[in-house]
Amino acid sequence: METNRQKKIGGVLQQDLADILQGEVRKNGISNLVISVSKVNVTSDLSVATVHLSIFPQDKAAETLAAIKSNTKLIKHDLSQRVRLQLRKVPNLTFFIDDSLDYIEKIDNALAAKENPIENRELLEKRRKS
């Protein structure tokens, strides 16, 4: 369970990382690319922050994530300049793709299709007792 301090630091990091990433997209003149920071989880010792990114369009997500991971040190430096008065040490950043929107869309499509598992229970896999 996250403490209030972890939540506050995660919120600060989330806002500043979103500004940094969107600023880089605008500065490099990349069009038709949206990067949003959906969640930042900070470990209890505040040494590692896992950053969940939503990247649109989805087909550019893998290459964008690879570019972000290769520039992690520069991103951390920019972040440290922004939060230097709030944090003594900036946590190490690890980036992941947030696939929750794809998961929600997949569920919506399954419920809208003819093969709705709620209406037709035979489509569900039987639970095995072990």
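**Entry 1. The loop between H1 and E1**

I looked up Asn32 and found it in the loop between H1 and E1. Helices and strands here are DSSP runs, numbered from the N terminus (helices are H or I with at least four residues, strands are E with at least two). The model is a predicted one, in which local features need pLDDT of at least 70 and side-chain atom pairs count only at pLDDT 80 or more, whereas totals for chains, interfaces and linings use all residues. Residues are numbered from 1 along each chain as its sequence is written, and side-chain values use heavy atoms, with hydrogens and water left out.

I noted that phi of Asn32 is near 60°, a positive value in a residue other than glycine. Most residues other than glycine have a negative phi, and most peptide bonds are trans.

**Entry 2. The hairpin and Leu46**

I next followed E1 and E2, which form a hairpin with five residues between them. Leu46 lies in the loop between these two strands, E1 and E2. Phi of Leu46 is near 60°, again a positive value in a residue other than glycine. With 24% relative accessibility, Leu46 counts as partly exposed.

**Entry 3. The sheet**

I traced an open sheet of three strands in the order E1-E2-E3, with mixed pairing. Strand E1 (34–42) and strand E3 (92–97) are the edge strands, each pairing on one side only. Neighbouring strands of this sheet are turned by 30° against each other on average, direction ignored. For such angles, axes are lines fitted to C-alpha atoms, for helices over the stretch in contact, and the angles run from 0 to 180 degrees between N-to-C directions.

Strands of a sheet pair through backbone hydrogen bonds, either parallel or antiparallel. Two strands are taken as paired if DSSP finds at least two bridges between them. How many bridges does E1 share with E2? I found eight bridges, in the antiparallel sense. Val37 stands opposite Leu53 in E2. Strand E2 (residues 48–56) runs parallel to E3 and is joined to that strand by six bridges. Thr50 has Thr94 as its bridge partner in E3.

**Entry 4. The cis bond**

I recorded a cis peptide bond between Phe56 and Pro57, with omega at about 5°. Pro57 is found in the loop between E2 and H2.

I located Ile97 in strand E3. Ile97 counts as partly exposed, since its relative accessibility is 27%. Which residues does Ile97 touch, not counting those up to four places away in sequence? I listed Leu53, Ile55, Ala61 and Leu65, where contact means heavy atoms within 4.5 Å. The C-alpha atoms of Ile97 and His52 are separated by 5.6 Å, although these residues are 45 residues apart along the chain.

I located Ile20 in helix H1. Ile20 is buried, with a relative accessible area of 5%. Leaving aside its neighbours within four places in sequence, Ile20 is in contact with Ile75, Asp78, Leu79 and Arg82. I also noted that H1 lies across E1, E2 and E3, and runs at about 155° to E1.

**Entry 5. The largest pocket**

I looked up the largest pocket, which holds about 270 Å³ of space. On a 1 Å grid over the protein atoms alone, a pocket is an open set of points where a 1.4 Å probe fits, with protein on both sides within 12 Å along at least five of seven lines, and lining residues have an atom within 4 Å of a point. Grid points are joined across faces, edges and corners, and a volume is the space filled by probe spheres set on the points.

Of the 15 residues that line the largest pocket, Leu21, Glu24, Asn28, Ile68 and Asn71 are the closest to its centre. Helix H1 (4–27), helix H2 (61–70) and helix H3 (72–82) each supply at least two residues of the lining. H1 gives the most, with four residues. I sorted the lining by class into ten nonpolar, three polar and two charged residues (Ala, Val, Leu, Ile, Met, Phe, Trp, Tyr, Cys and Pro count as nonpolar, Asp, Glu, Lys and Arg as charged, and the others, Gly among them, as polar).

Conventions. Buried means under 20% relative accessible area, exposed over 50%, partly exposed in between (1.4 Å probe, protein chains only).
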